[in-house]
Amino acid sequence: MPGYDFINGDSDPQDDHGHGAYISGIIAANADNGTGVVGVCPECSIMPIKVIDGSGMGTYAEVAAGIAWAADNGAKIINLSIGGYAYSQALQEAVLYAQNKGALIIAAGGNQGISVRHFKRLSPD
């Protein structure tokens, strides 16, 4: 499935950090992949959206744009296996936008051993 790279502004969302590819494998690795590993949903498709760079950094604006792009392109589930430390109105609006388009948003928990919430529960309008 085609995706988008919000770091480099192109249609090649190659993961140069490794985290997204790792999480995608946990989610949707095929059973017949020859590695002895199967994802929790091997029949699922991945829409790769790149919002962090090779060092694991990105902006709330890039994340918000990625969420909206995924929702606009039919994503049913959006996994945010990332975190942040401050409130972002743009991020909140993007999450609500995606929810209103019918997407389920999954947020990270426990990144870097920090117990502070990175995201708060939002209800769609």
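Q: Where is Ser-88 found?
A: Ser-88 is in the loop between strand S3 (77-80) and helix H3 (89-100). Helices (H or I, at least four residues) and strands (E, at least two) are DSSP runs, numbered from the N terminus.

Q: And what should I know about the model itself?
A: This is a predicted model, where local features need pLDDT of at least 70 and side-chain atom pairs count only at pLDDT 80 or more, while totals for chains, interfaces and linings use all residues. Residues are numbered from 1 along each chain as its sequence is written, and side-chain values use heavy atoms, with hydrogens and water left out.

Q: Ser-88, buried or exposed?
A: Ser-88 counts as buried because its relative accessibility is 11%. Buried means under 20% relative accessible area, exposed over 50%, and partly exposed in between (1.4 Å probe, protein chains only).

Q: Which backbone nitrogen lies 3.0 Å from a polar atom of its side chain?
A: That of Leu-91.

Q: Where is Gln-92, and why is it called buried?
A: Gln-92 is in helix H3. Gln-92 is called buried because its relative accessible area is 19%.

Q: With which side chain does Gln-92 make a polar contact?
A: With the side chain of Tyr-87, at 2.7 Å. A polar contact is a pair of N or O atoms within 3.5 Å; within protein, one must be able to donate a hydrogen and the other to accept it, and residues adjacent in sequence count only if both atoms are side-chain atoms.

Q: How many bridges join S3 to S4?
A: Four bridges join S3 to strand S4 (residues 104-107), and the two run parallel. Strands pair if DSSP finds at least two bridges between them. Ile-77 stands opposite Leu-104, and Ile-78 has Ile-105 as its bridge partner.

Q: What hand does the crossover have?
A: The chain goes from S3 through H3 to S4, a β-α-β crossover that is right-handed. That means that, with the strands pointing away from the viewer, the path from the first strand over the helix to the second runs clockwise.

Q: What's the overall pattern?
A: Along the sequence the protein chain reads β-α-β-α-β-α-β, with three helices and four strands. Of its 125 residues, 30% are buried.

Q: New topic: what volume does the largest pocket have?
A: About 960 Å³. On a 1 Å grid over the protein atoms alone, a pocket is an open set of points where a 1.4 Å probe fits, with protein on both sides within 12 Å along at least five of seven lines; lining residues have an atom within 4 Å of a point. Grid points are joined across faces, edges and corners, and the volume is the space filled by probe spheres set on the points.

Q: Which residues lie nearest its centre?
A: Ser-24, Ile-46, Met-47, Ile-49 and Asn-79, out of 34 lining residues. The largest share of the lining, six residues, comes from H1. Helix H1 (19-28), strand S2 (49-50), helix H2 (60-72) and S3 each supply at least two.

Q: Ile-27, where does that one lie?
A: Ile-27 lies in helix H1 and is partly exposed, with a relative accessible area of 27%. The C-alpha atoms of Ile-27 and Gly-39 are separated by 4.8 Å, with the residues twelve apart along the chain.
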